Amino acid sequence: MRIGFGFDTHQLTADRPLILGGVNIPSALGCLGHSDADVLVHAIIDALFGAANMHDIGYHFPDTDIKYKNANSLYLLQCCRDLVYEKYTINNIDCTLVLEKPKLLPYMEQMKSNIAEIMQISTNDISIKAKTSEKMGFIGRQEGISAYAVVLLSTKI
């Protein structure tokens, strides 16, 4: 068994969509980034690469490479899956999003479904939670969003 931890954070801006777990969520603010800036998927990718001891998201999908400009993060997750699945199977994914608003409960099942489809696992093996920072810090001021992810992999025999 191998455990991996992932973290990502993105600045919020008025001129970008808010995409989390592959879902375009109605919001006045979206994440700024080279790709679609899906902070949730980026944290999962880093957790997967970390568990497999395969560097990080920037190593595989550098923001200096034009081919990743506005890239769909679910596509990057699929590429990550293909690399990791050469040696490992996934047991589960546990994630936490930290943002003040909007409320994410109406979108959680679609996020889980999108990620489960790409990862070829059950939605029962994916947990996504949302928290606020109680109006403290850059998240509380709605200047950014953070995401944390933990994955558990098993070595293929």
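This is a predicted model: local features need pLDDT of at least 70, side-chain atom pairs count only at pLDDT 80 or more; totals for chains, interfaces and linings use all residues.

Me: Which residues does Ala37 touch, not counting residues up to four places away in sequence?

Reply: By that contact rule, Ala37 touches His10, Arg16, Ile19, Cys31, Leu32, His42 and Ser73.

Me: Why does Ala37 count as buried?

Reply: Buried means under 20% relative accessible area, exposed means over 50%, and partly exposed is in between (1.4 Å probe, protein chains only). Ala37 has 0% relative accessibility, so it counts as buried. Across the chain, buried residues make up 52% of the 157 residues.

Me: Where does Ala37 sit among the elements?

Reply: Helices here are DSSP runs of H or I with at least four residues, strands are DSSP runs of E with at least two, and both are numbered from the N terminus. Ala37 falls in the loop between strand 4 (30-31) and helix 1 (39-51). From Ala37 to Gly50 is 13 residues in sequence and 19 Å in space, C-alpha to C-alpha.

Me: What makes the phi of Ala37 worth a remark?

Reply: Most residues other than glycine have a negative phi, and most peptide bonds are trans. Ala37 is not a glycine, yet its phi is positive, about 65°. Asn70 also has a positive phi, near 60°, and Asn70 lies in the loop between helix 2 (57-60) and helix 3 (73-84). As for peptide bonds, the one from Lys101 to Pro102 is cis, with omega near 10°. Pro102 is in the loop between strand 5 and helix 4 (108-119).

Me: How many helices and strands does the chain have?

Reply: There are five helices and seven strands. Starting at the N terminus, they run β-β-β-β-α-α-α-β-α-β-α-β.

Me: What makes strand 4 and strand 6 edge strands?

Reply: Two strands pair if DSSP finds at least two bridges between them. Five strands make an open sheet with mixed pairing, in the order 4-1-7-5-6. Strand 4 and strand 6 (126-131) each pair on one side only, and they are the edge strands.

Me: How do you know that strand 1 and strand 7 pair, and in which sense?

Reply: Pairing needs at least two bridges, and strand 1 (residues 2-13) and strand 7 (residues 144-155) have ten, in the antiparallel sense. One example is Phe7, whose bridge partner in strand 7 is Tyr148. Strand 5 (residues 88-98) and strand 7 are joined by ten bridges and run antiparallel, with Thr96 opposite Tyr148. Strand 5 and strand 6 run parallel, joined by six bridges, and Cys95 stands opposite Ile128 there.

Me: How do you know that the radius of gyration agrees with a compact globule?

Reply: The radius is taken over C-alpha atoms, and the globule rule is 2.2 Å times the number of residues to the power 0.38. For 157 residues that rule gives a value near 15 Å, and the chain has 15 Å, so the two agree. The C-alpha atoms fill a box of roughly 50 × 35 × 25 Å, taken along the principal axes.

Technical notes: Residues are numbered from 1 along each chain as its sequence is written. Side-chain values use heavy atoms; hydrogens and water are left out. Contact means heavy atoms within 4.5 Å.
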